Amino acid sequence: GSIALIRQAVTLQPDHADHWRLALEIARYAEDDDLEVEAVQALSRLEPDDDVILLTRLNHRLDRLATVDERLERYRALLSGDRRDDLGPAVTSRLLMDEAILLRRQGEYEQFADRLAESVAVDPSNRAAVAMAAGYFQSQVEDPFAEAELYVSMVLADPTDWTWQIALAETLLHHGAYRGASRIYTLAYSNRRAAEGTVQTGMLADYAIAQWAAGRTGAARRTVREYQRAINEQHQMQIRRDQPDMPLAELGRMTAPIDPVVATVRAAIENRDGEQEAAGRALARAVEAYHRAIERRVEEAEENDEVDTTAADRLRYELAWVAAWLGEEPDPARDAFEQADTHRPFSDDARQRFEGWFALKADEPQRARELFEPLADEHITARLGLAKANLMLGERRGAARSFLAVVREQPGTLMGVWAADHLAELLGERVPVSGLARELESLIDDIPRSVERYPTEPNFAVRLRVTPETDPVAPFDPPIVNIEITNNTPYPLAIDPDGPIRPQVALFLQVRTTAAPMIDELDPKIIDIGRRLRLDPREQLTIPVDLRRSALGSLLRNAPLSGANVTVRAVSNFRVTDRGVIRPFLLGSESRSRSFRIDGQRIDEPWINNSLADLTALDERDDLVTMVMLGHFVARVMQSEPGDDRRQRAEDVVDTVLDAFGELSAPARAWLVANMPVLAHFEPMLDAARRSDDPRMRMMYLVTQVREPDDPMLDAGRRSDDPAVVTIAEMMAERTQIRRRQEEMRRQQGR
């Protein structure tokens, strides 16, 4: 039925792009390939700047080729010479990526890599190509700088994708580019918090380490504190649900168990940059966190009847190491060591390394050095201990060399950063770990600072506006609002289902009309804005939306006399919450239009007289609207009290409207039948429609007037010679049967 109706619409208005877009949507839903191809061809003609339609049309042609060789030859023809200028960078990039995928399936990996790299170079906003290139080259090439470059490309292609930002930050931290790592972790952290409200523990620990390594000790402390506050709030909410009678004062003292890794990061920071008392408290929290984690692992093993204690033993070892490394007193560290050794004995080398650290705690640096030196080449903990022993012995040069060796071997670990902090103190400044670290820092410096504002200030990147095209809107004229999307960034951004600009915008309409109480907001209407593959820097995309194709259309059709005041709220890059609320997601925002008026008609005697006089000399466009308005005037009067003195006047109006109806063309009659109010006084109009052989009249009658499954027009429609009329009659017969069954179910439930 929908296909039949939309085909009639595009036949009547073959140059109406909005009708063809609806046809394309229906064709894809119904899997009607012929209609889809027809709609794409029409839109290519009507809107040649739409590169999404251009790419779809090209893919339709490619899909008709039977062999891989034919497709590859076609790709070469499309992408040769000046053809790329005609296609534009966005379409060219996606065709290159598709060709690359085809080459990979053929086993042509070198050509695949070349084409993929070319795709990224042609359009760096093609996030699918950038992501594919990053994954491929990461597995094929041992080049940290090239890997980081691809990650940076992905960050710029989609500044909302924190997974790639984390990958970049990890790479930077791993190679000692601490300042850049801190900056990118900040971006990823902000995006994740804005999107999910929570941050993964592992990411948070690395983020705090990067901040500390970059010299932002206060920021690192705040990161850990914010994490503790967030998990405390979640913990207290859960307790409140389980124990609603708990006093608020007691509830406020409840704290959540902190992750041992995060607690250790805090302890390491306080060990280097805090007072002794603060360092002791931080270490005590880390020890407590490990004890809790060990207890949980033991309980889980017992509940599952597991014999393997590897998980708990690993935590016991980590606890022993943390106590020996960051503790000030030897006895607690030795107790933790012995506890771990009881469950799984240490090797001789491990015992010697621990003894070295115990000696440091006992202020015996010479003995510690003797224990560490034989093991320093093989074990980083021994090398770290040797550096500390040399420092305690006053051998600053030897200590600096050992600390530098630790930093270069493990620049991204907590031990490496702890060593880097010692090294900075010895040298009086923080120095790059390596030449690669300097290059990576320079690479990150080239990322615009504006990127960091996007998670909290999305309009700084992508601006959304919604404005009425005309105000006021005449009765039965299309109320058009324009959705404007502007790329405010200095680089192109893709319009893609995965971001950064999602191809749908949700519209909410607030309507005020005298015909009904104020409607807070009608059901949302989802608008497809995917008319471009990307927006260039500072480019604006404007999408006109006809609000008749929303709940507002039915409202105005049923009560056109009152008109309406309308305000439109638009939400871009939206997501639906667990409670069904539509809210902006990353780079998404809300925009509210100014209120605009859709005119109705004030009914008075002069207007009625003038309208009836006008109907004697038909000007179909204007007089059709007048006839509908008169029809609604009649309906309003006939619903009033029997003594209303306007009833005779209404009878005169009916006679004039019916006379004028007989003079209308077939299309005008069909439109009037679809829009006149349902009223017995206009039954002659419907009788004429039932007798009509015009397919459009029959379709309009079936869609707007048939309400019962025994309506004789259904059988008449199914016997029609026009396939479209038959299809619509069958659709309406099914709908009326469903409606009758639903009404019967409601009656039975009411009993």
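The model is predicted, and local features need pLDDT of at least 70, side-chain atom pairs count only at pLDDT 80 or more, and totals for chains, interfaces and linings use all residues. Residues are numbered from 1 along each chain as its sequence is written, and side-chain values use heavy atoms, with hydrogens and water left out.

The salt bridges come first. The structure holds 48 of them, a salt bridge being a side-chain nitrogen of Lys or Arg within 4 Å of a carboxyl oxygen of Asp or Glu. One of them joins Arg21 to Asp50, with 2.5 Å between the closest N and O atoms. This pair links distant parts of the chain: Arg21 lies in helix H2 (residues 17–30), while Asp50 lies in the loop between helix H3 (33–46) and helix H4 (51–63), 29 residues apart. Helices (H or I, at least four residues) and strands (E, at least two) are DSSP runs, numbered from the N terminus. Arg21 and Asp50 are both buried. Buried means under 20% relative accessible area, exposed means over 50%, and partly exposed is in between (1.4 Å probe, protein chains only).

Another salt bridge is formed by Arg94 and Asp123, whose closest N and O atoms are 2.9 Å apart. It too links distant parts of the chain: Arg94 is in helix H7 (residues 89–105), and Asp123 is in the loop between helix H8 (109–122) and helix H9 (127–140), 29 residues apart. Both Arg94 and Asp123 are buried.

Arg449 and Glu452 also meet through their side chains in a salt bridge, at 3.2 Å from N to O. Arg449 counts as exposed because its relative accessibility is 54%. Glu452 has a relative accessible area of 29%, so it is partly exposed. Elsewhere, salt bridges that share partners join Arg84, Glu99, Arg115 and Glu118 into one network.

Helix H7 also holds Arg105. With 66% relative accessibility, Arg105 counts as exposed.

Patches are made of residues with over 30% relative accessible area and no salt bridge; like charges are joined within 9 Å, and nonpolar side chains (Val, Leu, Ile, Met, Phe, Trp, Tyr) within 5 Å. Lys and Arg count as positive and Asp and Glu as negative, while His and the chain ends are not counted. The place of a charge is taken as NZ of Lys, CZ of Arg, CG of Asp or CD of Glu. Accessible areas come from the Shrake-Rupley method with a 1.4 Å probe, and for residues only the protein chains shown count as cover.

Arg193, Arg216, Arg222, Arg225 and Arg229 form a positive surface patch. Helix H14 (residues 217–242) gives the largest share of this patch, three residues. Arg216 sits in the loop between helix H13 (201–213) and H14. The relative accessible area of Arg216 is 36%, so this residue is partly exposed. A patch of negative charge gathers Glu295, Glu299, Glu300, Glu302, Glu303, Asp305 and Glu306 on the surface. Of these residues, Glu295 is found in helix H17 (residues 276–303).

The strands remain. Strand E4 (residues 504–513) is mostly covered, with eight of its 10 residues buried. E4 pairs with strand E6 (residues 525–528) in the antiparallel sense over four bridges; two strands pair if DSSP finds at least two bridges between them. E4 is also joined to strand E9 (residues 564–572) by eight bridges, and these two run antiparallel. Ala506 stands opposite Ile526 in E6 and opposite Val571 in E9. The bridge partner of Leu509 in E9 is Val568.

E9 is itself mostly covered, since eight of its nine residues are buried. Strand E13 (residues 596–598) pairs with E9 in the antiparallel sense over three bridges, and Arg597 in E13 is the bridge partner of Asn565. E9 and strand E12 (residues 590–592) pair in the antiparallel sense over three bridges. In E12, Ser591 is the bridge partner of Ala570. In a regular strand the side chains alternate between the two faces of the sheet.
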